[in-house]
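User: I would like to learn how to read contacts, cores, helices and pockets from a model. Please take them one at a time.

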Amino acid sequence: MQPANPILVEVTRGPAVESVHRGSAVIVDRRGRVVRFWGDMNQAIFPRSAVKSLQAIPLVRTGAARALDLSPEEIAMACASHGGEPVHTATVSEWLGRIGLGPRDLECGAHPPTDSDARLGLAGLGQAPSPLHNNCSGKHAGFLSVCRHLGFPARGYTRADHPVQELVRDTLEEFTGCPLRDAARGVDGCGIPVFGIPLRALATAMMKFSAPEQLDEPTAEAVRTIRGAMTGHPYLVAGRDQFCTLVMDALAPDVVVKTGAEGTCCAAILNQGLGIAIKIDDGAARASEVAAGAILRFMEAMDDSHYAALRSTLEPDVLNAAGLKVGVIRASATLTQD
């Protein structure tokens, strides 16, 4: 992370800029060329949940999704960072039951639903959250499905040396073009390995996701299946009032976008063959979402009517305790000007 990364997002209070978020971003076209970049596009980052669409590729490419008769809704859940709403937990619970497993087999841990209504509903029933409420439970159900299909042991599937995580790592290497065995490695919030990957390589991976004609046919078919599931069922990818859901719903079927923890975001503009990767230096989700929206608009993936409909998400108001607007969170001129 470079201290010279530009200001991508500003937070105003009245007429003054009160806070800023620095970061880096890059756009790559279908020929692998950098179309535009801001800041250090070669910095290695942990992409976190922003690459769930890529982590789901083994689920489809190995034949597990077909053999287990997974629905598009379930494949969308494999790519989700969901809010723990009833529709999310029910989908994962039914999926696990159909493959002979249950919530106790999920190694992602439990946390309260991130959706406020779901959280209050659970508390009102006097129930503790289960691993089904973990925002990554769908992704983990996908890993367990691969284990079931290929005969891998279900226990320990989150370990770096487990065959399913090796498949995921190999897929990330294939799409990013980066050898990851010696890359910086950490553990994600849900327990799986994460790898330090240069931002430009992540944008390249998303470009391949947007232009599958460059891939071998089994891989291209897997990508098309995942894209269709995400754009066809955006509510399952995130949930009520969430950035990814709102943007993909508005721009379907032309945009796939997935945010991740610590200010990360990856997107693909499918009808232009473009891949996008974003990292906000201070890890602020509010900034990565605003930056992603501004870049999608800059690249004409949305028109003025889309932007007007999504304005409260793409340029959210800052409210005081009385609910009065006192400022906005907006993209900086650096990000929006040619």
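User: Which residues does Val 257 touch, not counting residues up to four places away in sequence?

Analyst: A contact here is a pair of heavy atoms within 4.5 Å. In this predicted model, Val 257 touches Phe 243, Cys 244, Val 247 and Met 248, and also Cys 265, Cys 266 and Ala 267. Residues up to four places away in sequence are left out of that list.

User: How many residues does the largest nonpolar core have, and which of them have the most contacts inside it?

Analyst: In soluble globular proteins, nonpolar side chains tend to be buried together. The largest nonpolar core in this model has 105 residues. Val 257 is among those with the most contacts inside the core, along with Leu 54, Ile 226, Ile 278, Ile 295 and Leu 296. Helix α9 gives the largest share of this core, 8 residues.

User: What span should helix α9 have, and how far apart are its end C-alpha atoms?

Analyst: The expected span is 1.5 Å times one less than the number of residues. Helix α9 covers residues 199-210, which makes 12 residues, so it should span 16 Å. Its end C-alpha atoms are 17 Å apart, which agrees.

User: How many residues of α9 are buried, and which are they?

Analyst: Buried means under 20% relative accessible area. By that cut-off α9 is mostly covered, with 11 of its 12 residues buried. The buried residues include Leu 199, Leu 202, Met 206, Met 207 and Phe 209. Lys 208, Thr 204 and Ser 210 are also on the buried list.

User: Where does the lining of the largest pocket come from, and what classes of residue does it hold?

Analyst: The largest pocket holds about 490 Å³ of space. Its lining has 32 residues, and Ser 81, Asn 135, Gln 242, Lys 258 and Thr 259 lie nearest the centre. The elements giving two or more residues to this lining are α12 (243-251), β8 (255-260) and α13 (285-298). The largest share, 3 residues, comes from β8. By class, the lining divides into 15 polar, 9 nonpolar and 8 charged residues.

Notes
Residues are numbered from 1 along each chain as its sequence is written. This is a predicted model: local features need pLDDT of at least 70, side-chain atom pairs count only at pLDDT 80 or more; totals for chains, interfaces and linings use all residues. Side-chain values use heavy atoms; hydrogens and water are left out. Helices (H or I, at least four residues) and strands (E, at least two) are DSSP runs, numbered from the N terminus. Buried means under 20% relative accessible area, exposed over 50%, partly exposed in between (1.4 Å probe, protein chains only). A nonpolar core is a set of buried Ala, Val, Leu, Ile, Met, Phe, Trp, Tyr and Cys residues joined through side-chain atoms within 4.5 Å. On a 1 Å grid over the protein atoms alone, a cavity is a set of points where a 1.4 Å probe fits but cannot get out, and a pocket is an open set with protein on both sides within 12 Å along at least five of seven lines; lining residues have an atom within 4 Å of a point. Grid points are joined across faces, edges and corners, and a volume is the space filled by probe spheres set on the points. Ala, Val, Leu, Ile, Met, Phe, Trp, Tyr, Cys and Pro count as nonpolar, Asp, Glu, Lys and Arg as charged, and the others, Gly among them, as polar.
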